[in-house]
Amino acid sequence: MTVSSDVSVAETLKKRSQLLKTLRAFFYARSVTEVETPILSSAAVPDVHLHSLSTQVRIPGEAEKQSFYLHTSPEYPMKRLLCNGSGDIFYLGKVFRDGDLSPRHQVEFTMLEWYRLGFSMFDLIDEVIGLLQTVLNKQCKVERLSYREAFQAYADIEDIFTATAAECRACLARFKVPEVLGVEEDDKALWEQLVLTEVIESRLGRDGITVLYHYPAREAALAQICVEDSMQAERFEVFVNGMELANGYHELADSETYQYRFEASLQQRAECGLPAVPLDKRLLQALAQTPLPDCSGVALGVDRLFALQQGLGDIRQGMAFGLRDV
Amino acid sequence: MASYSTNEFKGGLKFLMDGQPCSIIENTIVQPGKGQAFNRVKYRNLVTGRVLEKTFKSGEKVEAADVIDTELQYLYNDGEHWHFMDPESFDQYQTEEAAVADVSKWLTEQDMCTVTLFNGQPISVTPPKQVTLEVVETDPGLKGDTAGTGGKPATLNTGAVVQVPLFVQIGEKVIVNTEKGEYVSRAK
């Protein structure tokens, strides 16, 4: 709001307050419990593309200050609550991601994350769409595409799961994407990601909401693998105006698979020369005692949602203060 | 040679691409929630002036370009080279036509210019925003029109041609905006 006049600062604050109220009302009406999870954690997310901030905490009785990480999402403690029988829950609050600053990113930003027991991925997609239609206040067009269909429809790639790196590069050339530096010629996964971000995503949700689902299994993160097709994961993303708004999963349930995926991420971190991070042992213990109840969960960027609702070009314009203002 | 990682990219950063000095105009980070980050970079080749785009995988490095902007005095043109001097150190620089091609028509001896040096060699010259030049040729007729409703072309002593009001006569000095190539006013 630093770019606006004083009058519109007050207006923007009110509209943002109204959005938070609308979001909470949506969940209260569905008997979903709001939870506050800790921002600090002795463990960090091992995902190679997420960078946690860390801080030093003085604890009485300890000679040395202890390292704690600021959460990049409330996922792990929320899952511990689910294992402990919390039932449906949501979190609406700040999260932190180091290094992310752009018109669509702030290091400190507001996330809405929620978990619904007994929901399939498709049930949760419907609920996300319902929420977006409530906030964006329109019965807008909704497009549901599988990841594979999106590559067919928007990039003319018949089957992205079997396409080669060369086919992906040819697609980028066909759509006149500027030259890309630093990617190995045969790195199929990265060329595929570039087709998604440089060719497809900017055209998703142009006149409504687009949901992509069934992402490749290698990008499952903590989503279940499809029973019918082990190449695909029960993961979805939601786009409006070419911008990713939400990322959801039909959640993994058992402790061993979590352990396995975490260790794969640690391995990947080592290969990229990134420091190892302590894994969330308490989450793994909780899952080992009681597997996660069958549920689906999703995280949604509230600053992006507000920017879309208000037609702002930079999410910072909808925040009281951005990183550069504090 | 110094280098910059993509996380140091920002507007104005000077780097080498294919051996040519370039300056970043716009750097946008593409950070998917679950995926490799990239930097979408729009930059200007400082030799050709062309604006180009490339996408860098985050963590990639580029070589730093030894590019500085410095204020130099234009001395003279010997028919092949344009000569400039640092008024404090008296260091002299000479440049070929390419670096001054678009702006040579605004250069008057003794004027201070912003000269961009790459590895100590001038690659581009920015003339002062406003220069005072003499009208050497223009249609002398149409006296008495002071309302400035029309205009006429006038050739200036450097060879530049600009539109001037009808009352401007041969031998008069005029102030010209070099960015727009437009007449500003008569000079006293």
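Helices (H or I, at least four residues) and strands (E, at least two) are DSSP runs, numbered from the N terminus.

Quick housekeeping. This is a predicted model, so bear in mind that local features need pLDDT of at least 70 and side-chain atom pairs count only at pLDDT 80 or more, while totals for chains, interfaces and linings use all residues. Residues are numbered from 1 along each chain as its sequence is written, chains are lettered from A and ligands numbered from 1 in the order in which they are written, and side-chain values use heavy atoms, with hydrogens and water left out.

Now, the interface. Here 24 residues of chain A are in contact with 17 residues of chain B, contact being heavy atoms within 4.5 Å. About 1,900 Å² is buried between chain A and chain B, and carbon and sulfur atoms give 53% of that. That's the accessible area (1.4 Å probe) the two parts lose on being put together, summed over both.

What about charges? The rule finds two salt bridges across the interface of chain A and chain B, a salt bridge being a side-chain nitrogen of Lys or Arg within 4 Å of a carboxyl oxygen of Asp or Glu. Glu198(A) and Arg40(B) make a salt bridge through their side chains, at 2.8 Å, N to O.

Which elements of chain A give two or more residues to the side that touches chain B? They are β8 (179–181), α6 (188–200) and β11 (243–250). Of these, α6(A) gives the most, with five residues. By type, the side of chain A that touches chain B has 10 nonpolar, seven polar and seven charged residues.

On to the sheets. Chain A has an open one of eight strands, in the order β1-β5-β6-β12-β11-β10-β9-β7, with mixed pairing. At the edges are β1 (33–34) and β7 (141–146) of chain A, each pairing on one side only. Inside that order, strand β9 (residues 208–213) and strand β10 (residues 235–240) of chain A pair antiparallel over five bridges, and Leu212(A) has Glu237(A) as its bridge partner in β10(A). Helix α4 (residues 147–155) of chain A lies across β7 and β9, at about 105° to β7(A). For angles, axes are lines fitted to C-alpha atoms, for helices over the stretch in contact, and values run from 0 to 180 degrees between N-to-C directions.

Chain B has an open sheet too: five strands, β14-β13-β12-β15-β16, paired antiparallel. Its edges are β14 (161–164) and β16 (182–186) of chain B, each with a single partner strand, so one side of each has no neighbour in the sheet. Direction ignored, neighbouring strands there are turned by 50° against each other on average. Strand β13 (residues 152–156) of chain B joins β14(B) through four bridges, antiparallel, with Pro153(B) opposite Gln163(B).

Last one, back in chain A: the side chains of Glu75(A) and Lys79(A) form a salt bridge at 2.8 Å, N to O. Why is about one helical turn between them? Because Glu75(A) and Lys79(A) are four residues apart in helix α2 (residues 75–83) of chain A.

Terms used
Ala, Val, Leu, Ile, Met, Phe, Trp, Tyr, Cys and Pro count as nonpolar, Asp, Glu, Lys and Arg as charged, and the others, Gly among them, as polar. Two strands pair if DSSP finds at least two bridges between them.
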